[in-house]
Amino acid sequence: MISREAFQILEFDKILNTISGFSHSDASRQAILDISPLSNRGDIEERFGQVKEIQGLAQAGTPLRLSHFQDISQALEQVRLEGAVLEARELVDFVPVLRIISEISAQIGEANNLPGLGSLAGDLTGFPDILAAIGRSIDSEGNILDSASSTLSHLRSRIRGMEAKIRKRLEETVNDRSVTPFLQDDFITQRAGRWVIPVRMDAKGQVPGVVHDVSRSGETAFTEPLEIIGIANELENLVAEAKAEEIRILKVICKMIREEADEIEAQYKTIVYLDVLDSIARFADYLQMEVPGITGSSEIKLVRARHPLLMLSQKERGMGEVVPLDLSLDGDHTVMVITGPNAGGKTVAIKTLGLLLLMALSGIPVPADSSSTFPQVSRLLVDIGDEQSIESSLSTFSAHVSHIAEILKEADAKTIILLDEMGTGTDPVEGAAISCAVLKDLRGKGALVFATTHLTDIVGFVHRTAGMVNASMEFDHDTLSPLYRLKVGEPGQSHALEIARRYGLPGHIIEFAKGVLGNVNVEFHKLLTELKEKRAAHEEGLNELQRQRAEVKGKEKLLNERLAEIERLKAETMEKAYQESRDIVSEVKRQAYAVLEEVKKDKKRAAVKRVVRIQQEVEDKLREFDKEPSLSISEIREGDTVFVRSVGYDATVMRVDRSHKRVRVKAGKMEWEVPVSDIVTKRGKVPTTKVRTEKREGREEMAPEALKLIGLRVDEALSRLEPFLNHASLAERKEVTIIHGMGTGILRKAVREYLTGHPLVEQFRSGELSEGGDGVTIATLK
């Protein structure tokens with residue numbers, strides 16, 4: 001159990017107060033102020049996980065859907081009583097709560113990567129029936145709406161009509177010339193809920209009616225004329241009926257809430273807790289804090305830790321960053337004593353450690369690196385500050401000793417202890433002796449101890465004792481100012497003489513003080529100075545090594561960039577090669593069209609031979625871009641699957657003619673012979689369209705009269721149209737039919753644009769009705 005006194009000394013209450021400023025309700029604010037360290041490691045890690053999920057939502061641009069809401073706990077307690085009726089304005093407070101419950105339920109329900117929030121808010125419903133009833137019946141100001149019920153709407157309509165009738169009668173009375181002389185003014189108003197006109201007191205008997213009020217001056221009688229009394233009484237009856245209907249409506253809503261009171265309370269508490277988590281997450285984002293590790297061992301490690309209140313102060317004043325703190329204690333060393341100059345940061349260091357421990361154990365991210373770890377301890381015992389008390393007859397030393405006595409009673413292996421300015425307030429020798437004994441006892445109990453002191457006797461004891469370690473706050477000897485950096489393993493110096501000189505103490509006093517200090521102390525401090533200089537030289541060497549490592553990394557990065565540039569150039573070269581191959585294909589097409597023209601004038605056999613020759617030239621040129629070597633005739637066996645360059649896909653070897661170095665292959669229903677130079681290792685590519693059987697030797701190829709393109713994409717259709725026209729032209733067909741269907745007309749348009757200007761097409765037209773109409777195109781070939 002960690003005391004509230006420790007919270008105040010370490011200023012944990014200020015952190016909670018800052019976090020509460022991010023909350024959306026008084027209930028959440030109070031819940032934040034009541035936060036204390038959790039006793040179960042699992043609960044701490046669960047809260048950390050939920051906070052990280054909320055941070056993730058905010059970073060993704062979808063923060064938790066929270067807004068301002070009221071504390072409804074007291075209203076819930078009131079409505080639990082049978083027959084209890086809440087005021088309309090009290091019921092309005094339920095609306096934002098129920099709406100937030102509904103929205104967060106939907107938000108978390110839509111996500112599948114929020115296990116922590118899902119387990120917390122998975123049962124939220126929002127009570128849509130109650131929310132709809134309140135929204136239909138009461139406005140945001142707490143007024144009951146006409147839409148609350150048809151009866152209320154009818155009654156209020158009659159009331160408005162009756163009031164209009166009364167006003168009209170009164171306006172007629174006020175404007176009546178026989179009445180006007182007796183009136184104090186010509187306005188119409190209400191008194192005690194009745195409609196009245198202002199009559200002069202000296203003429204009140206001249207206007208028949210009932211006086212309901214008199215002005216402060218006593219000169220005006222507010223009179224209800226007799227002629228409207230009957231109508232006004234009827235109006236009062238209607239108002240009473242409307243009031244009864246309003247109470248009935250409120251009772252219905254309160255009954256609905258009463259029946260769900262337990263569940264509403266549970267879901268309301270969930271929303272309050274979610275607001276607490278959201279406030280923690282927003283505070284963590286504001287100071288860019290991290291989630292540390294929580295361990296079961298007696299080990300603590302702070303990496304780049306900063307005091308959050310100092311960070312807030314620096315942020316508000318626009319100053320630089322707080323100097324980070326690095327320290328650790330583990331099983332080998334459980335006691336750390338920090339020395340150094342006054343105002344050098346010793347107390348801030350141990351208060352930072354204590355405050356961050358409280359935050360971490362409370363499930364609040366800390367301003368330190370995520371590699372920082374905190375032990376799951378049960379006690380945090382603190383002796384920081386001047387405990388002098390006149391009322392208790394305690395001096396500074398007596399108060400410290402009294403407090404340390406209590407610490408010694410409570411300390412165990414699950415305790416962290418913070419002791420500030422050990423050995424002060426009494427004789428330095430005796431104070432140091434007592435302090436050493438206390439440290440030894442705490443070390444034996446296994447507690448983690450962080451202490452500060454100025455006494456060199458304590459420093460020497462720590463240096464000689466196993467399990468203890470000295471640390472110091474660094475000091476700039478040139479400027480005589482503290483650097484606020486902690487160095488573990490080195491004792492520090494108070495630098496009292498140097499600081500006194502800096503702040504104006506005369507030189508002769510400083511020199512005399514040095515003489516009084518004695519040679520032993522002077523030598524001791526000189527030794528410390530030499531050790532620090534050696535450490536500085538060692539650090540300089542380490543920095544040089546790190547610089548060299550960074551240089552090597554830079555060269556490595558440059559090398560990788562050059563390799564990437566080589567890969568880019570390689571890709572550009574390949575792209576250029578592919579472009580050249582496309583140019584070759586285009587040239588071949590041009591020659592093919594020329595050959596087809598010659599078919600009309602020359603013998604078909606000669607033209608075909610020319611086509612074969614051109615095809616071979618194309619294959620030879622394209623093979624220049626294919627660097628993969630061909631298979632040798634000895635590597636090929638019947639039944640093997642190989643890649644055929646000339647067709648661009650895999651085929652099965654049917655027969656190997658080793659004497660002529662030719663191979664017969666088959667793909668689908670198509671068989672043909674190719675030279676062995678056209679064969680490489682299989683690539684897993686198969687024909688994407690049905691393979692047409694190649695015409696056999698000495699037999700005329702039968703070119704089809706029609707081509708069906710229905711169901712194909714434009715690019716697939718046009719790739720089939722070109723070879724169809726070529727074969728039809730070689731077969732000396734005069735007219736062909738292209739079936740593209742009606743559809744949206746896109747394929748028909750693409751086919752006809754392709755035919756326009758084609759070297760093999762003389763003209764084309766839509767089909768007759770008997771031929772298929774607009775679903776086909778009839779092309780006449782040259």
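## Packing of H4 against H12

In this predicted model, helix H4 (residues 41-59) and helix H12 (residues 261-286) have axes that come within 9 Å and cross at roughly 70°, where axes are lines fitted to C-alpha atoms, for helices over the stretch in contact, and angles run from 0 to 180 degrees between N-to-C directions. That makes H4 roughly perpendicular to H12, a description that covers angles of 65 to 115 degrees. On the H4 side the contact (heavy atoms within 4.5 Å) is made by Arg47, Gln50, Val51, Ile54, Gln55 and Gln59, and on the H12 side the residues include Tyr273, Leu274, Leu277 and Asp278.

Strand S3 (residues 209-214) runs antiparallel to strand S4 (residues 220-225), and 5 bridges join them; helices (H or I, at least four residues) and strands (E, at least two) are DSSP runs, numbered from the N terminus. Within this pairing, Val211 stands opposite Thr223 in S4. The two strands, S3 and S4, form a hairpin with 5 residues between them, and Gly218 in the turn has a positive phi of about 80°.

An open sheet of 4 strands has the order S20-S21-S23-S22 with mixed pairing, two strands being paired if DSSP finds at least two bridges between them. Its edge strands, S20 (706-708) and S22 (761-766), each pair on one side only. Helix H22 (residues 714-730) lies across S20, S21, S22 and S23, running at about 160° to S21.

## Basis of the values

Residues are numbered from 1 along each chain as its sequence is written, and side-chain values use heavy atoms, with hydrogens and water left out. Local features need pLDDT of at least 70 and side-chain atom pairs count only at pLDDT 80 or more, whereas totals for chains, interfaces and linings use all residues.

Notes: Angles under 35 degrees count as roughly parallel, over 145 as roughly antiparallel, 65 to 115 as roughly perpendicular and the rest as oblique.
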